[in-house]
Amino acid sequence: MPHAPQGHGRVRTAHPLTKANNSMSDRVSTAADPLSATPAATGAASPHIDAGDAGYRKDLKSRHINMIAIGGAIGTGLFLGAGGRMANAGPSLFIAYAVCGVFAFFVVRALGELVLYRPSSGAFVSYAREFMGEKGAYTAGWLYFLNWSTTAVADITAAATYAHFWAMFSDVPQWILALIALAVVLAANLISVKYFGEMEFWFAIIKVAALVAFMLVGIFLVVTSHDVGGHTPGLSTISDNGGIFPNGVMPMLLLVQGVVFAYASVELCGVAAGETENPEKIMPKAINSIMWRVGLFYVGSVVLLALLLPYTAYSGDQSPFVTVFDKLGIPGAAGVMNLVVLTAALSSLNSGLYSTGRILRSMSLSGSAPKFTGVMNRGGVPYGGILLTAGFGVLGVGLNYVMPEDAFELVINFASIGILGTWAMIMICSLLFHRRAKEGKLTRPGYNLPWAPYTQIVTLGFLASVVVLMWMDGGVGRTTVACLPLIAAALVGGWFLVRGRVRATAAASRD
């Protein structure tokens, strides 16, 4: 397994956090030519300073980062979303998960290279600022906020849906359950990064343990041909119900944007790297393991689901894992699995509040986000940005009140737009990073994205094709794509509102 060498081809300078803490006059580097002070001949490290890195505590350990990477690769999109997608596309869903998983790995591998070049809690927003200027950072940050503010709605909707599984909550309105879920996770997220790391550590362990248990049970049922809800599991379950593509290839292609949503958190470990010691040792291992996790947990689980029950047995109203255990009739098994998938939803919400808080703080200290999103509490938590994201979650509570049946599908389409935009910005930053390395202005770390720059170009083409597929899908997907001009107009209008403050902040940093 490749590891980033210590000081690979470049001169080690003082860590950016040290500089930022020592002198706030270094608050924002000038995006016009952030590497102008770097001697190309020596391959010295970039002098780019991100004020958003100051004040954080290095409380995340190796076990936290590894489990955050797992949690980012296993989320609501698998535990809840796979049911409805299986019902629409049939067993071919595993192909969509495999293809999207490869591109998700490319994205996080590109981000990992940037992290080892310069760890930052601002992550891709900080890199966009360095390689694309403040407009790039502004765009990347607000697209990411679009992603997680809408994902927060999806997560609380999923949590409320899961809670309805139990009779004691069946009569409680969905919007009330959504509000409770938001309040619990928000309270926990505001304490400190250490508590966030511990929560994600145990959330991820629960998710992995549940999936491993499901896969072991599923393999046993298939091997022994044990009856599952009146069906005999095995290849005949697929062949007797229309094969791999029971409804044709197009339904599988049209579900790709929802599958992309399932991988929405893989970039989280890049954000968390700014609050951990020795990221150059921890990150390569965590990122490389994402690939086999995708193959094992996503693709493997979907294949097992297809072998255990006909695709028509699944629905979007219930987790497919709960469906299987429900059909088995094992007392309490479905309830335990439902508790696990509820944990997954809360984990995703927790991650979203964490990451947007850090991204918005980086933006705030450069002037492109509201000032209150830059403030921190005594625990080193940027609570302003977290509260802003939670505020949009409250709007999601209202959405659950107005349209409880369609809330989840509506918001994941908008979340997918934010994800596609965020991933595109990461790959563009990686492409520009590669170009500057070729020009001799900086040195790539030993751990880098393979097959660059072709990998970035192909990935950007894939992301563009997903938007086309969303349009072809019609319904909510087409409506979402039709809103792209409105999103672009909002970004342009917002830039004109903040550009004065951005320029003033940049000018102050040069004085």
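Reply: Let's begin on the surface, where Trp 175, Leu 179, Tyr 401 and Val 402 form a nonpolar patch with about 430 Å² of accessible area together. Helix 8 (174-189) and helix 17 (383-402) are the elements that give two or more residues to this nonpolar patch. A patch here joins residues with over 30% relative accessible area and no salt bridge: nonpolar side chains (Val, Leu, Ile, Met, Phe, Trp, Tyr) within 5 Å, or like charges within 9 Å. The areas come from the Shrake-Rupley method with a 1.4 Å probe, and for residues only the protein chains shown count as cover.

Please keep in mind that this is a predicted model, in which local features need pLDDT of at least 70 and side-chain atom pairs count only at pLDDT 80 or more, while totals for chains, interfaces and linings use all residues. Residues are numbered from 1 along each chain as its sequence is written, and side-chain values use heavy atoms, with hydrogens and water left out.

Trp 175 counts as partly exposed, because its relative accessible area is 31%; buried means under 20%, exposed over 50%, and partly exposed in between (1.4 Å probe, protein chains only).

Now for the charged pairs. A salt bridge places a side-chain nitrogen of Lys or Arg within 4 Å of a carboxyl oxygen of Asp or Glu, and by this rule there are four salt bridges. One of them joins Arg 444 to Glu 113, with the closest N and O atoms 2.5 Å apart. Arg 444 sits in the loop between helix 18 (407-438) and helix 19 (454-473) and Glu 113 in helix 5 (residues 93-117), so this pair ties together parts that are 331 residues apart in sequence. Both Arg 444 and Glu 113 are buried.

Another salt bridge brings Arg 118 and Glu 130 together at 2.9 Å, N to O. Here too distant parts of the chain are linked: Arg 118 is in the loop between helix 5 and helix 6 (123-132), and Glu 130, twelve residues apart, is in helix 6. Arg 118 counts as buried because its relative accessibility is 3%, and Glu 130 is buried because its value is 0%. Glu 134 and Arg 129 also meet in a salt bridge, at 3.0 Å, N to O. With a relative accessible area of 10%, Glu 134 is buried, and so is Arg 129, at 1%.

Trp 451 lies in the loop between helix 18 and helix 19, and its phi is near 60 degrees, a positive value in a residue other than glycine. Pro 453 belongs to the loop between helix 18 and helix 19, and the peptide bond from Ala 452 to Pro 453 is cis, with omega near 5 degrees.

Ser 225 also has a positive phi, near 55 degrees, in the loop between helix 9 (193-224) and helix 10 (235-239).

Note on methods: Helix = DSSP H or I, 4+ residues; strand = E, 2+ residues; numbered from the N terminus.
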